[in-house]
Amino acid sequence: LHNMFLSEDGEMWLFDLGEPCLQTIPSFLTKFLMSFFHTLGMEEDETGDWVVRFEQDGSSGRLRPTERTVELQADAIRAFNVTVDRIVAELFDGADGVRILLLRYVVTQLVSDAAFCIEKWRLKGGGDELRSDHQDNLEKWLWRALWDVYVSEELRRRYLAREMFTRQGGGRGPRY
């Protein structure tokens with residue numbers, strides 16, 4: 001799904017799918033579930049560039065998610081939670097250990113995509129003054145990498161750290 005775009009006039013197009021192949025269920029579910037967050041890093045603005053999901057705080061100078069990003073992330077988390085609950089209940093007979101495994105896969109996939117973005121930036125001449133002069137908007141790859149790392153850490157913190165704390169006897173249990 002992260003390779004599918006829907007236009008406002010109802011058109012759909014797929015890209016970068018590669019050769020058709022069979023895929024294991026965990027691989028498919030990982031790609032499907034990571035797309036809830038990954039696609040936010042690829043949303044286009046009115047000029048066709050990717051939306052930058054962060055802004056600089058005026059007083060501290062630190063980056064923070066934009067207000068719109070916070071809203072969209074909350075929506076994505078709600079949809080993600082409902083979907084993971086249904087997958088665990090309907091495909092895995094409620095085996096809650098699968099939930100943690102799926103979350104780990106999603107976090108790993110997002111970090112992997114961040115590495116892909118940094119490599120793409122580097123291959124296009126990012127960081128190399130001589131080669132990057134002819135490339136437009138190379139920083140978009142770094143902003144997308146930052147988004148993938150940020151959202152993967154949010155998922156890790158929200159779900160996996162809580163699960164580890166619970167397993168060590170320090171909490172009431174995960175709330176999804």
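In this presentation, a residue is called buried if its relative accessible area is under 20%, exposed if that area is over 50%, and partly exposed in between, using a 1.4 Å probe and protein chains only. By that scale Asp 85 is partly exposed, with a relative accessible area of 33%.

First, the basis of what follows. This is a predicted model, in which local features need pLDDT of at least 70 and side-chain atom pairs count only at pLDDT 80 or more, while totals for chains, interfaces and linings use all residues. Residues are numbered from 1 along each chain as its sequence is written, and side-chain values use heavy atoms, with hydrogens and water left out.

Let me begin with the overall layout. The protein chain holds five helices and four strands, where helices are DSSP runs of H or I with at least four residues, strands are runs of E with at least two, and numbering starts from the N terminus. Their order along the sequence is β-β-α-β-β-α-α-α-α. The chain has 176 residues, of which 33% count as buried. I shall also speak of contact, which means heavy atoms within 4.5 Å. Among contacts between residues at least 6 apart in sequence, 58% join residues at least 24 apart.

I turn now to one pair of helices. Helix α2 covers residues 67-91 and helix α3 covers residues 96-123; their axes come within 9 Å and cross at roughly 130°. That makes α2 oblique to α3. Here the axes are lines fitted to C-alpha atoms, for helices over the stretch in contact, and angles run from 0 to 180 degrees between N-to-C directions. Angles under 35 degrees count as roughly parallel, over 145 as roughly antiparallel, 65 to 115 as roughly perpendicular, and the rest as oblique.

Which residues in α2 and α3 meet? From α2 they are Phe 80, Val 84, Asp 85, Ile 87 and Val 88, and from α3 they are Asp 96, Arg 99, Leu 102, Leu 103 and Val 106. By class, this contact has seven nonpolar, no polar and three charged residues. The classes are these: Ala, Val, Leu, Ile, Met, Phe, Trp, Tyr, Cys and Pro are nonpolar, Asp, Glu, Lys and Arg are charged, and the others, Gly among them, are polar.

The charged residues lead to the next topic. Side chains of opposite charge can pair when their charged atoms come close. A salt bridge is a side-chain nitrogen of Lys or Arg within 4 Å of a carboxyl oxygen of Asp or Glu, and by this rule the count comes to 12 salt bridges.

Asp 85 and Arg 99 form one of them, at 2.7 Å from N to O. Because Asp 85 lies in helix α2 and Arg 99 in helix α3, the pair ties together parts that are 14 residues apart in sequence. Arg 99 is buried, with a relative accessible area of 8%. The side chain of Arg 99 also meets that of Asp 96 in a salt bridge, at 2.9 Å from N to O. Those two residues are three apart in helix α3, and so are separated by about one helical turn. Asp 96 counts as partly exposed, at 37% relative accessibility.

A further salt bridge joins the side chains of Glu 43 and Arg 53, at 2.2 Å from N to O. Both residues lie in the loop between α1 (25-38) and β3 (54-56), so the pair ties together parts that are 10 residues apart in sequence. Is Glu 43 exposed, buried or partly exposed? Glu 43 is partly exposed, at 31%, while Arg 53 counts as buried, at 3%.

Leaving aside its neighbours within four places in sequence, Leu 40 is in contact with Arg 53, Leu 72, Gln 73, Ala 76 and Trp 147.

Finally, I draw attention to Asp 93, in the loop between α2 and α3. Most residues other than glycine have a negative phi. Asp 93 is not a glycine, yet its phi is positive, about 50°. Asp 93 is exposed, with a relative accessible area of 72%.
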